[in-house]
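Thanks for sending this one over. Here are my notes, written to be read with the model open beside you.

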Amino acid sequence: MSNGYYPALGTPLDRDGSVLTGSLIKHVEDQIGRKAEGLLVMGSMGMQPMIKDSEYAKVAQIAAEAARGQCPVYAGVMDNSVARVKDRIERLQGIKLEGVVTTVPFYFQSTQTEIIAFYRAIADTSPYPLYLYDLPGVTQCKIQAATVIELMRHPNIRGIKSGDLALVRGLSRSLRDVNPEFVVIYSGLDTFDVAYSYGITRTLDGMFSCTSQIAERMYEALQAGNLESAAGHLDSIVGLRNLFVEVGVFPGFTHAMNLLGFEGDFHPDYSSRLNPQQAEEVESYMRQIRLI
C-alpha cells in the first residue's frame, strides 16, 4: 500500500435501500481525482452492516469498476461469525479488490484467543488478502498488540487499521522483526498530523469522503514538511466532524454529500434528515472552510 490518505467511502442509497450507481461512480472518481491512494467501500461510514444483501456485491462491483485500476479498492466484510464473513467474501468473488477488511465479531465480546482463531480461519480460505479493523467502540473488544503480532505471521493477513496511536506506533516498530510487508494504517483523525511526524504515513477515515479537497491539500502540506499548514487543514476536517457529532453523524454526512453534488441517502434507513436549522449550520461551516 502506498503512503497517503485512504477514504472510507459513503454508500449512496435511495429510499428503498438500493445503491445509486451514478452517485457512487461520481464519488469514486472524485476521490481518485483528489489523489486518494486507495478506497474502502462499506466500512463504517459506508454502513456495511446496514446494506441489503441484494446490494452488497453491487456496491463493491460498482466501486471497483469505477476505479478502473487507478487505485486499489478494499471492501468491508464485517459480521459475527467466521461462516457469515465467509459468506460475504463469497458474494465478492470475481470482483477486482485489493483486499477485504473486517472487525472482530461485534455482537458478543471476544477473547484474544478467539480473535486469533477468527482471523486465521477467514484468512485460510479468503481469495483476497485480509486486513484487521480495530474498532473497540463498536466491537466491545480491543485487538491487543500481541494478538496483532501473532496474526501478522499469517501469509494472507496483510495489515491493520486502528485509531490507537500507541498501538500503531508500537506495531510499526515491530514490523522489521516479524513481517516487514505488514501494513499499518492509522485512523485516529484528530492526530493524523502528529502520527505523520512519527513516520505513520497511511491514514484512513470516512471524513475524507466529504472533505477530499481539504484532504488533498493536507497531504500535500505533510509531504512538503509544512506541518503548520497541514494542521490547519486537519482542523477544518475535525471541525466538520465535530459538527456532524452535534447534529447527527450520518444525517450530517448525508447533507454534506448532497451539498457536494452526490445524490442519495448516506445514512441508515431509520435516521432522519437534518432539520432546517441543522442543515444551515452544516452548509455555513462548509462554506467557511471552502468546501462549497
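The points below go through a strand pair, the salt bridges and the nonpolar cores.

1. Before anything else, please keep in mind that this is a predicted model.

2. Let's begin with strands β6 and β7. Strand β6 covers residues 157–162 and runs parallel to β7, with 4 bridges joining the two. Between them the chain passes through helix α7, residues 165–178, and this β-α-β crossover is right-handed.

3. Now to the charged side chains. Searching the whole structure turns up 16 salt bridges. One of these joins R34 to E216, with 3.2 Å between the closest N and O atoms. The two partners come from distant parts of the chain: R34 sits in the loop between α1 (21–33) and β2 (39–41), E216 belongs to helix α9 (residues 212–223), and 182 residues separate them.

4. The two ends of that pair sit in unlike surroundings. R34 is partly exposed, at a relative accessible area of 28%. E216, by contrast, is buried, because its relative accessible area of 12% falls under the 20% cut-off.

5. E216 has another partner in K35, where the closest N and O atoms are 3.9 Å apart. K35 lies in the loop between α1 and β2 and E216 in helix α9, so this pair ties together parts that are 181 residues apart in sequence. Through shared partners, salt bridges connect R34, K35, E216 and E220 into one network.

6. Finally, the nonpolar cores. Which residues have the most contacts inside the largest core? They are V28, L92, Y119 and M218, in a core of 91 residues. Leaving aside residues up to four places away in sequence, Y119 touches several others, among them T102, V104, L132, I143 and I157. There is also a second, separate core of 11 residues, which includes Y6, Y131, V183 and I185.

Definitions and conventions. Residues numbered from 1 in each chain as written. Predicted model: local features only at pLDDT ≥ 70, side-chain atom pairs only at ≥ 80, totals over all residues. Heavy atoms only, no water. Pairing = 2+ DSSP bridges. Right-handed = clockwise from strand over helix to strand, strands pointing away. Salt bridge = Lys/Arg side-chain N within 4 Å of Asp/Glu carboxyl O. Buried < 20%, exposed > 50% of the residue type's maximum accessible area, 1.4 Å probe, protein only. Core = buried A, V, L, I, M, F, W, Y, C linked by side-chain atoms within 4.5 Å. Contact = heavy atoms within 4.5 Å.
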